[in-house]
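Please look through the sequence and the model shown here.

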Amino acid sequence: MRVGIIGGGIGGLAAAYELGKRGHEAMVFEAAPQLGGLAGTFEVAGTRLEKFYKHIFVSDTDIIEYIHDLGLADRLQWIASSVGYFSRGKVYNFVTPLDLLRFDPISLPDRIRLGVVSLYLQRQADGIARYEGVTAAEWLRRYAGERNYAVVWEPLLRGKFGDSAPEVGMTWFWGKMRLRFGSRDKGMGRERLGYLLDSFGQIQDALVERVTRQGSRVFTGVRVRRVVVTGGRAAGLEVDHAGDRAGAPPAPSRYPCDAVIATVPSPVFLRLAPDLPTAYTERLQGRRYQAVMCLILVLKHPLTPIYWLNIGDTAIPFVAVIEQTNLIPPEHYQGKHIVYLSNYLAPDQPLYGMDADHLLEVYLPHLQKINPAFRREWIESYALFQDDAGQPIITTHYSHKIPDLRTPVPGLYLANTTQIYPEDRGQNYSIRLARRVVAMCEEDWAAASPVGLAARGQE
Ligand SMILES: Cc1cc2nc3c(=O)[nH]c(=O)nc-3n(C[C@H](O)[C@H](O)[C@H](O)COP(=O)(O)OP(=O)(O)OC[C@H]3O[C@@H](n4cnc5c(N)ncnc54)[C@H](O)[C@@H]3O)c2cc1C
């Protein structure tokens, strides 16, 4: 079977690898000049770094398996992380349960209630059945209390989902709590996070090497224009070949294949596959995303002592400060301190269109609120990365709204971040999705094609 894959992020590359393992051929088409998508990297401070901060959790078994399989286990570090919360002009540690007791923006009874509710959620195993019908806002208000909701959770939900925050399903929230507490030693101890020294980009490099050895091909700078459907089946891909590479050799613009796996965001997929029936396209249109922007600062001095600082102050125009060098020491980055200022917003918001220089001007006054000693002169360089499809908005009853991996067009499959549930999107789940979609694709092919049937008969 020859399969065309749209998108060279971790999902597309993993799908190619899984196909190769099963003896099939893949052709991966990535529109950008570089592979990686949301897990892409860039060069900074003598090494590579993710454009959008990255770590993994102890429960991320699929990616951990890949790391071992690809010979990268010696690069994987498990590090005790530090989490904090910025509220009312102060940075609060949230590393141990005792820190919660010191969180004075809420009363002592509220702190205890917050701790009990967090522990309760972490212990629930069946979050889909329990929480699908209720929004996070409704549930948290009722059980964690109005004050806890207003001070702690609402700013975070608003920061991540903007005006869509009131619609976010409780199942999404439960999944997040379970994941983060699950990565803590013995449930409530310190959180341990995994990082691949010199970046997760090495997984992509190793996958390309394996995939190429398996006889498949990976193209960058090749944008898929359309999924070709012949006789009602996906039969190939039409591409804009190396449109932006001057002097590139002429190449075919149509690639025939037996099946197509798209890993692109749903709005892109809708443009590429116009032959889909309305019932399916309505599902795709119904899935919305928050855009993401990360401004990365390379500093002479640390901004905070914390790796992951949630911002619980709606006057600050970013939602989290993630200080990479409080997870991986600055020595690994030529002694520099690396900070992500992370923001999620609706793509039509004015901030989203801003370039790095202007955005920095907007953010600068707020950095001093977090660390009054901070000076502009600390900044050695900065870079901005953004993406329209940073975070799918997970609403109530989401399990009934997920578009099927198997589209109604035979031979055409979709595997993107909107189909990850109840967990939040992550590299681990893109790999897991790739494994599922490849198994499905092979099963259908074996059922439909005489060659496939013969191959199956020989097993
Ligand atoms: C801010 C942020 C923080 C995150 N933190 C973590 C974390 O800590 N840990 C973790 O594991 N994960 C994290 N993630 C999630 C992780 O990055 C994603 O889940 C994963 O990278 C998605 O991979 P994908 O291949 O499914 O999609 P994508 O990476 O979106 O890949 C899709 C690819 O398709 C390409 N494409 C689009 N249109 C076309 C076209 N017409 N033709 C060809 N190619 C096309 C795009 O350029 C892109 O490369 C984070 C994501 C964000 C945004």
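Are α4 and α7 roughly parallel or roughly perpendicular to each other? The structure is a predicted model, in which local features need pLDDT of at least 70, side-chain atom pairs count only at pLDDT 80 or more, and totals for chains, interfaces and linings use all residues. Residues are numbered from 1 along each chain as its sequence is written, and side-chain values use heavy atoms, with hydrogens and water left out.

Helix α4 covers residues 108-123 and helix α7 residues 146-161; their axes come within 10 Å and cross at roughly 70°. The two helices are therefore roughly perpendicular to each other, a term for angles of 65 to 115 degrees. On the side of α4, the contact (heavy atoms within 4.5 Å) is made by D110, R113, L114 and S118. On the side of α7, R147, N148, V152 and W153 take part.

Next comes a pair of strands. Strand β3 (residues 41-44) and strand β4 (residues 47-50) run antiparallel and are joined by four bridges; strands pair if DSSP finds at least two bridges between them. V44 stands opposite T47 in β4. The two strands form a hairpin with two residues between them, and A45 in the turn has a positive phi of about 45°.

The last stop is V228, placed in strand β10 (residues 223-230). V228 has 8% relative accessibility and so counts as buried, meaning under 20% relative accessible area with a 1.4 Å probe and protein chains only. Leaving aside residues up to four places away in sequence, V228 touches several residues, including L237, E238 and R254. The C-alpha atoms of V228 and R254 are separated by 8.5 Å, and the two residues are 26 residues apart along the chain.

How values were computed: Axes are lines fitted to C-alpha atoms, for helices over the stretch in contact, and angles run from 0 to 180 degrees between N-to-C directions. Angles under 35 degrees count as roughly parallel, over 145 as roughly antiparallel, 65 to 115 as roughly perpendicular and the rest as oblique. Buried means under 20% relative accessible area, exposed over 50%, partly exposed in between (1.4 Å probe, protein chains only).
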